[in-house]
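Colleague: I have this model open and would like to talk through a few places in it before I go further. Can we start with the sheet and then move on?

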Amino acid sequence: MARLFTFHSRGLTATYADLENQALAQGEAPLTTPGSVLVRTNAGGFRFYALQQYDHDGERQESYLAGPIGDRDAEETAARARQRISELRDVLASIRLLVREGYLSLERKHYLAIAALANHGFFAGGGMLVGSHAFEAMLNRMAIRASGFPTTDVDVARPAKLKLKEWRTLHVPELKAHALTAPYFRYLVSESQPGVVMSPIGCTAVRIPVPERFAVHKLLVSQLRIGKSEKAQKDLRQAAIVIAALAELQPGTIAEAFAKTPVSARSKIVRSMTAARPLLADHPVALEEIDSIVATQAKRTAR
């Protein structure tokens, strides 16, 4: 069994850190190409600046920017637009470099859905990105290279006290949508961290779970799935990757996260830890940590 991940170089890690800072400071996430500032003249001879961009379908969009040409305010507006375009192109150059070297990027349609939520204040208001896209953002932030997992969904969550014990839908009025509730989900979303998702269009800042809780929750979820062995294996592998990385980057964090789980969930998590051992064969530090957790839990259960 080969190692589950490798570390990115310090140079790439620095480039990603710069990108994250830019995403946090950019205001609105881009939904189109950076574009160009053009000079246009209408039928009456009025000369003005226009902004030309292309959307995710490749359709050209053109909008009035400022005028007339030569007016002080119009020139300042055009200069600011050119500066913004230059900054966005620099961001895209960084994204291309990172993706070429193994950082994970989203499909355009998934990025656009997440960016639209970000622009409407979803993440700033306490919402979180979860699921496979959060996993990818997490790997990028941890500066590790590992395989992503294809998904057709964009999964988001909000911290909320839910008394439902089974999987079911729940009305979410602020999004005008319905959501799926899941057991022990509050454990996952109780702690979060900033993250960034990237795409060929641009990037946007999001909130994602902390990696240790993400990994432990994935271990739990893999035991709760009924008749979905493929998804359970995906959960287990995602958990194993994060556990292996944390064992080398932040030893002890998985044990700390396990100690904060509900007592009713621990036997299931321990079963998943045992099932994950073959995946961690080339990660002895991670094996030692989960074996210690399993042994300690066994002693407590035996009392």
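Modeller: A definition comes before the sheet: two strands are said to pair if DSSP finds at least two bridges between them. Keep in mind as well that this is a predicted model.

Colleague: Fine. How many bridges join E3 to E4, and which way do the strands run?

Modeller: Strand E3, residues 47-54, is joined to E4 by six bridges, and the two run antiparallel.

Colleague: Which residue of E4 is the bridge partner of Gln-52?

Modeller: The partner of Gln-52 in E4 is Glu-62. Elsewhere in this pairing, Leu-51 stands opposite Ser-63, and Ala-50 has Tyr-64 as its bridge partner.

Colleague: And how many bridges join E2 to E3?

Modeller: Six bridges join E2 to E3, again in an antiparallel arrangement, with Val-39 standing opposite Tyr-49 of E3.

Colleague: What is the strand order in the sheet, then?

Modeller: The order is E2-E3-E4, an open sheet of three strands with antiparallel pairing. Strand E2 (36-41) and strand E4 (60-66) are at the edges and have a single partner strand each, so one side of each is left without a neighbour in the sheet. From one strand to the next, the twist averages 40°.

Colleague: What packs on the sheet?

Modeller: Helix H2, residues 72-100, packs on the sheet and touches E2, E3 and E4, and its direction makes about 145° with that of E2. As for E3, that strand is mostly covered, since six of its eight residues are buried, which means under 20% relative accessible area.

Colleague: Where is Ala-79?

Modeller: Ala-79 is in helix H2, and with a relative accessible area of 41% this residue is partly exposed. Its C-alpha lies 9.1 Å from that of Val-37, although Ala-79 and Val-37 are 42 residues apart in sequence.

Colleague: Now the turns. Which residues there have a positive phi?

Modeller: In the hairpin that E2 and E3 form, with five residues between them, Gly-45 in the turn has a positive phi of about 85°. The hairpin of E3 and E4 also has five residues between the strands, and there Gly-58 takes a positive phi near 80°.

Colleague: Where is the cis peptide bond?

Modeller: The cis bond joins Gly-67 and Pro-68, with omega at about 0°, and Pro-68 belongs to the loop between E4 and H2.

Colleague: Is Ala-143 buried or exposed, and why do you say that?

Modeller: Ala-143 counts as buried because its relative accessibility is 10%, and the cut-off for buried is under 20%.

Colleague: Changing topic, what does Arg-213 touch?

Modeller: Leaving out residues up to four places away in sequence, Arg-213 touches Tyr-187, Leu-188, Ser-190, Glu-191, Ala-257 and Lys-260. The side chain of Arg-213 also reaches the backbone oxygen of Tyr-187 at 2.8 Å. Arg-213 lies in helix H6, residues 211-224, and is buried, with a relative accessible area of 8%.

Colleague: How do the axes of H6 and H9 cross?

Modeller: The axes of H6 and helix H9 (residues 266-276) come within 8 Å and cross at roughly 95°. H6 and H9 are therefore roughly perpendicular to each other, because angles of 65 to 115 degrees count as such.

Colleague: Which residues make the contact?

Modeller: H6 contributes Val-216, Leu-219, Leu-220, Ser-222, Gln-223 and Leu-224, while H9 contributes Lys-268, Ile-269, Arg-271, Ser-272 and Met-273. By class, the contact of H6 with H9 has six nonpolar, three polar and two charged residues.

Colleague: Last one: where is Gly-202, and what does this residue touch?

Modeller: Gly-202 lies in the loop between strand E10 (192-198) and strand E11 (203-209), and is buried at a relative accessible area of 2%. Not counting residues up to four places away in sequence, Gly-202 touches Pro-30, Leu-92, Ile-95, Tyr-111 and Val-197. The C-alpha atoms of Gly-202 and Ala-157, which are 45 residues apart along the chain, are separated by 23 Å.

Methods: Residues are numbered from 1 along each chain as its sequence is written. This is a predicted model: local features need pLDDT of at least 70, side-chain atom pairs count only at pLDDT 80 or more; totals for chains, interfaces and linings use all residues. Side-chain values use heavy atoms; hydrogens and water are left out. Helices (H or I, at least four residues) and strands (E, at least two) are DSSP runs, numbered from the N terminus. Axes are lines fitted to C-alpha atoms, for helices over the stretch in contact, and angles run from 0 to 180 degrees between N-to-C directions. Contact means heavy atoms within 4.5 Å. Buried means under 20% relative accessible area, exposed over 50%, partly exposed in between (1.4 Å probe, protein chains only). A polar contact is a pair of N or O atoms within 3.5 Å; within protein, one must be able to donate a hydrogen and the other to accept it, and residues adjacent in sequence count only if both atoms are side-chain atoms. Angles under 35 degrees count as roughly parallel, over 145 as roughly antiparallel, 65 to 115 as roughly perpendicular and the rest as oblique. Ala, Val, Leu, Ile, Met, Phe, Trp, Tyr, Cys and Pro count as nonpolar, Asp, Glu, Lys and Arg as charged, and the others, Gly among them, as polar.
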